[in-house]
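Please open the model in a viewer and keep the selection tool at hand.

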Amino acid sequence: LRRGLVALQSGRVEDAAILLDDAEALHGDPGPVLAQALLAWRTGDLELADARFEEAGESLHATSAEPHAWLHLQRGLLDLDRGRLDDALAHYQAADATLDGHWLIDEHVAEIQWRQGDTAAAEATLVDVVERTGGPEYMGMLAELALSRGAEAEAAAWVAEADAIYAEQLAMYPEAAAGHALDHALRFGTPDAALALAEANAATRPNGGALASLAEARLGMGDASGAVEAAEAALASGWRSADIWLAVAESYAAVGRTGDAEQARAAALAFDPTC
């Protein structure tokens with residue numbers, strides 16, 4: 001099972017499928033089913049992913065609340081990837097009913113509030129999450145919300161605080177911190193810093209998501225041909241998502257491949273009509 005999940009995160013989808021099939025044949029517990037749901041999700045079969053999450057939930061006999069809440073949360077994230085905001089919120093609320101008041105559930109509820117236009121509620125929720133966790137990724141979200149209402153000084157303060165925390169995390173746990181730090185650098189950092197993080201992240205976990213972020217970072221540096229190379233590598237990995245197709249579309253557009261860019265944009269909208 002672990003070898004299959006490592007293969008998936010490494011962008012080796014065919015190897016992952018074989019290993020996870022073997023794991024499911026050997027073990028009759030929900031673990032391999034959950035892994036199969038993740039495989040389907042990452043490779044773009046979102047209906048199958050949701051069905052397998054539901055199947056795992058039906059066979060989950062854990063007495064603690066956390067596994068049941070986690071399943072609801074995953075199904076909510078899957079709906080979010082499809083642009084189904086009301087469905088995602090329903091799953092988050094079910095997770096909260098199972099495990100009341102957990103900060104991770106609250107953070108995802110805030111994301112829905114934000115995307116549905118209730119930015120004041122989203123901001124209040126995220127401030128509470130930051131007070132409880134000190135998480136720099138949520139500070140970045142608060143910075144974006146502050147910018148959306150023109151509070152540039154407030155946004156800069158959130159960014160500076162997040163920058164300091166990410167610097168500490170990267171010094172202590174460079175591989176573990178690279179993903180979130182990269183997202184932050186792509187939004188608020190310099191192109192050089194974003195590219196360095198994107199290259200390190202893709203070297204550690206060369207999957208479709210990491211390669212799409214590398215394409216975005218290369219675009220930020222003005223390296224359009226390098227962005228196309230990374231975006232096409234993301235597709236070759238077997239991973240599929242709206243974010244990956246958007247990275248492909250932006251990369252093709254940067255080199256003047258307008259028709260290919262339009263097709264990639266259409267593929268992104270097929271995943272998430274709200275993207």
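Begin by selecting Arg218, which is found in helix α13 (residues 208-220); helices here are DSSP runs of H or I of at least four residues, numbered from the N terminus. The model is predicted, so local features need pLDDT of at least 70 and side-chain atom pairs count only at pLDDT 80 or more, while totals for chains, interfaces and linings use all residues. Residues are numbered from 1 along each chain as its sequence is written, and side-chain values use heavy atoms, with hydrogens and water left out.

Arg218 is buried, with a relative accessible area of 18% (buried means under 20%, exposed over 50%, partly exposed in between, with a 1.4 Å probe and protein chains only). Display its surroundings next: leaving aside neighbours within four places in sequence, Arg218 is in contact with Leu195, Asp223, Gly226, Ala227, Glu229 and Ala230 (contact means heavy atoms within 4.5 Å).

Now select helix α14 (224-236) and helix α15 (residues 242-254). Their axes come within 8 Å and cross at roughly 150 degrees; axes are lines fitted to C-alpha atoms, for helices over the stretch in contact, and angles run from 0 to 180 degrees between N-to-C directions. The two helices α14 and α15 are therefore roughly antiparallel (over 145 degrees; under 35 is roughly parallel, 65 to 115 roughly perpendicular and the rest oblique). On the α14 side, the contact is made by Ala224, Ala227, Val228, Ala231, Glu232, Ala234 and Leu235, and on the α15 side by Ile244, Trp245, Ala247, Val248, Ser251, Tyr252 and Ala254. By class, the contact of α14 with α15 has twelve nonpolar, one polar and one charged residues (Ala, Val, Leu, Ile, Met, Phe, Trp, Tyr, Cys and Pro count as nonpolar, Asp, Glu, Lys and Arg as charged, and the others, Gly among them, as polar).

In the loop between α14 and α15, pick Ser241. Ser241 is partly exposed, with a relative accessible area of 21%.

Finally, select helix α9 (residues 136-148) and helix α11 (residues 174-188), whose axes come within 10 Å and cross at roughly 20 degrees. That makes α9 roughly parallel to α11. Here Glu137, Gly140, Ala143, Glu144 and Leu147 in α9 meet His180, His184, Arg187 and Phe188 in α11. The residues of this contact divide into three nonpolar, three polar and three charged.
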